[in-house]
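Please have the structure open as I go.

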Amino acid sequence: MKILSIQSAVAYGHVGNSAAVFPLQRIGVEVLPVYTVNFSNHTGYGAWRGPLIPPADVADVITGIEERGAFPHIDAVLSGYQGGEGIGDVIIDAVARVKAANPNAVYACDPVMGNAKSGCFVAPAIPVLLRERVVPVADIITPNQFELGFLTGTEPDTIESTLEAVDLARAMGPSTVLVTSVERPDREEGTIEMLVADDSGAWIVQTPLLPMKANGSGDVTAALFTAHYVESKDAALALERTASSVFDLLENTHRSGERELQLVESQEAYAHPRMQFTARQVR
């Protein structure tokens with residue numbers, strides 16, 4: 001499998017491509033990483049160094065990949081945090097060109113906008129760009145519950161309202177929706193859930209909720225789910241594999257006491273997931 005991953009990169013720590021690439025490689029995926037920023041560290045520290053890469057330069061790198069004859073062999077395009085409006089246009093154009101070369105290729109978009117605790121933390125134009133132009137051309141989207149509500153103009157909290165919001169999102173274009181950080185009032189205390197829906201049904205998986213914030217965990221989740229889903233065509237199985245790997249990554253990170261994801265130390269969790277969680281069909 002080959003995935004063209006258009007995301008940010010950091011030297012210190014693991015977010016964007018610096019979170020997504022290694023887990024994908026560890027499960028046997030050939031990744032073509034294209035960087036949208038090259039920062040010293042993620043912006044959650046409040047200080048960082050390094051450049052935003054101009055959209056024209058990002059597009060130039062993608063064109064160079066195309067000139068090597070890679071596009072017919074790309075199975076998926078993956079994108080995450082979009083720092084500026086121009087990157088969205090570059091991604092949309094790249095997706096169209098990859099699909100022209102390989103009609104079976106899919107586009108997986110992680111529509112990063114914010115979360116329930118921090119609110120929306122991207123530029124005001126980005127949610128509009130994602131909702132009106134990017135999400136409609138995606139095949140797979142991986143919003144958290146907050147972002148799903150933002151995209152669909154709803155406030156999902158129960159399984160029922162989350163499924164209704166997923167249906168609204170799927171009506172926008174994507175056939176597959178993975179919702180992360182699902183928190184419903186009636187869930188078991190100390191747990192958190194992920195929900196996936198596609199043409200064949202909908203499933204939810206529950207894991208323990210760890211008392212920590214881990215920048216980059218959503219990037220790992222989107223990457224692993226995309227690869228597992230493209231390979232297996234089985235939403236429930238892809239959900240179980242992803243939940244197993246990401247939980248062990250987070251648990252290892254929590255135990256370490258470190259702020260950054262213990263990405264390399266957790267590599268066996270990607271290569272050989274324990275499959276300790278079972279997805280429950282909800283539709």
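This is a predicted model: local features need pLDDT of at least 70, side-chain atom pairs count only at pLDDT 80 or more; totals for chains, interfaces and linings use all residues.

When I say contact, I mean heavy atoms within 4.5 Å. With its neighbours within four places in sequence left aside, Leu 4 is in contact with Leu 32, Val 34, Ile 65, Ile 74, Ala 76, Val 77, Leu 78 and Val 98. Residues are numbered from 1 along each chain as its sequence is written, and side-chain values use heavy atoms, with hydrogens and water left out.

A nonpolar core is a set of buried Ala, Val, Leu, Ile, Met, Phe, Trp, Tyr and Cys residues joined through side-chain atoms within 4.5 Å, where buried means under 20% relative accessible area, exposed over 50%, and partly exposed in between, with a 1.4 Å probe and protein chains only. The largest such core has 44 residues, and Leu 4, Ile 6, Ile 62, Val 77, Tyr 107 and Ile 141 touch the most other members. Apart from it lies another core, of 40 residues, including Ile 3 and Leu 249.

Now the rings: which residue puts its charged end over Tyr 45? It is Arg 259, 3.9 Å from the ring centre, the criterion being NZ of Lys or CZ of Arg within 6 Å of the centre and within 35 degrees of the ring normal. Finally, Phe 247, at 9% relative accessibility, is buried, and Phe 277, at 12%, is buried too.
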